[in-house]
Amino acid sequence: MHISELNLTNYRNYDYLKVKFDDKINVIIGENAQGKTNLMESIYVLAFSKSHRTTRDKELIQWEQEYAKIEGSVYKRKQKFPLEMQFSSRGKKAKLNHLEQRRLSDYIGALNVVMFAPEDLNLVKGSPQVRRRFIDMEIGQVQPIYIYHLGQYQKILKQRNHLLKQLQRNQRADRTMLKVITDQLIEHAAVLVERRFLFLELLRKWADPIHTGISRGIEKLEIIYHPSTNVSEDHNREKLVNIYYEKFEEIEQKEVERGNTLIGPHRDDLLFFVNGKDVQSYGSQGQQRTTALSLKLAEIELIKNEVGEYPILLLDDVLSELDDFRQSHLLNTIQGKVQTFVSTTSVDGIKHETLDKAELFRVHQGIID
């Protein structure tokens, strides 16, 4: 899988850009604030229909312009097809093979991308929200229906929290609607959690041996799903539904008093242990970075296993954050297999034969040469 051509119109600091890429390694070189990360972001947005840097789509539109457009030519399973994302004040449109997709879950997964940026080094030590986003985005790539259930869950959750705040102000009000909304929430929650457990089982399969290799055989990585209530990977969907029903009944009064939904996938977390030690709390910075790198490399192999082709890899200013050994391990792993985009202020100091064969692009004030 690779992207052969990218066109940007009114995107961030790009007035117009048309660029062709090598199907192996592409290095984007430039000073800060010139457009390197904007270019990397545009490929991510083309795959996911949203940015990894902002939740406000209008920020993608160039100042004083009415719309922004990203177009890409993608090769997947030996077929070439166009993808297009357009953003305006009226919302966003996603087109696959020139056909507008009514649901984003019908669009996401057409282009598979793994992004590794400096903020991903916070995957281990950052907030639970960061880890939930990681797992949601990766499952959505290989199981697009997950995106539908996630969207429905978030929509119903918002309604439920609004109702709980109303009940908080008037606790004697009729709670019939709360039960109706809770039933709807549970149906989607069970699907999300079931698929998260299945995904993590696959992720563990790839991440543990990768981590062992990077740590030269001295560390063993464990990934544990940490739910907000007593569900486990041994429970089927029916059992998950029953557990949620019982727990929501038990805590109903507490939720009304707090005006918030206290359990569910939106409050779950991932835990990482190296040699039995919680990496987030007790791991060194090196162990935390090795864990993050292992997860990203595991993602690549997992997607290859699930969809039959390697995804595109975006390395946005991350090589300079890794020591020489981790740099080499990363580049050795992807060499010749994965179309890779590397953004950097300079290739000086990054010594690897992979980059010697790369296509170089220099960016300055939104112009590439």
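Phe-21 and Phe-341 are both buried, where buried stands for under 20% relative accessible area, exposed for over 50% and partly exposed for values in between (1.4 Å probe, protein chains only). The structure is a predicted model, in which local features need pLDDT of at least 70 and side-chain atom pairs count only at pLDDT 80 or more, whereas totals for chains, interfaces and linings use all residues. Residues are numbered from 1 along each chain as its sequence is written, and side-chain values use heavy atoms, with hydrogens and water left out.

A pair of aromatic rings is described by the distance of the centres and the angle of the planes. Rings of Phe, Tyr and Trp (its six-membered ring) pair if their centres lie within 6.5 Å; planes under 30 degrees apart count as stacked, over 60 as edge-to-face and the rest as tilted. Five aromatic pairs are counted by this rule. One of these is the edge-to-face pair of Phe-21 and Phe-341, with 4.7 Å from centre to centre and 90 degrees between the planes. Phe-21 is in the loop between β2 (14-20) and β3 (25-29) and Phe-341 in strand β13 (residues 340-344), so that this pair links distant parts of the chain, 320 residues apart. Helices (H or I, at least four residues) and strands (E, at least two) are DSSP runs, numbered from the N terminus.

Phe-21 also pairs with Phe-361; the ring centres are 5.5 Å apart and the planes at 75 degrees, so this pair is edge-to-face. Because Phe-361 lies in strand β14 (residues 359-364) and Phe-21 in the loop between β2 and β3, the pair ties together parts that are 340 residues apart in sequence. The relative accessible area of Phe-21 is 10%, which makes this residue buried; Phe-361 is buried at 8%.

Charges over rings were examined next. A charge sits over a ring if NZ of Lys or CZ of Arg is within 6 Å of the ring centre and within 35 degrees of the ring normal. The charged end of Arg-103 is placed over the ring of Tyr-148, 5.1 Å from its centre. For Arg-216, the charged end sits over the ring of Phe-325 at 3.6 Å from the centre.

An open sheet is formed by three strands in the order β9-β10-β11, with antiparallel pairing; two strands pair if DSSP finds at least two bridges between them. Its edge strands, β9 (221-226) and β11 (277-278), each pair on one side only. Strand β10 (residues 269-274) is joined to β11 by two bridges, and Phe-273 stands opposite Asp-278 in β11.

UniProt positions are given in the numbering used here, feature names are shortened, and annotations may be inferred rather than shown by experiment. Over residues 3-347 the chain is 44% helix and 22% strand. The unreviewed entry also places a "binding site" at residues including Glu-31 and Gly-35. Glu-31, in the loop between β3 and α1 (36-48), is exposed with a relative accessible area of 55%. Leaving aside neighbours within four places in sequence, Glu-31 is in contact (heavy atoms within 4.5 Å) with Lys-36 and Thr-345. Gly-35 is in the loop between β3 and α1 and is buried, at 5% relative accessible area. With neighbours within four places in sequence again left aside, Gly-35 contacts Asn-13, Tyr-14 and Val-363.
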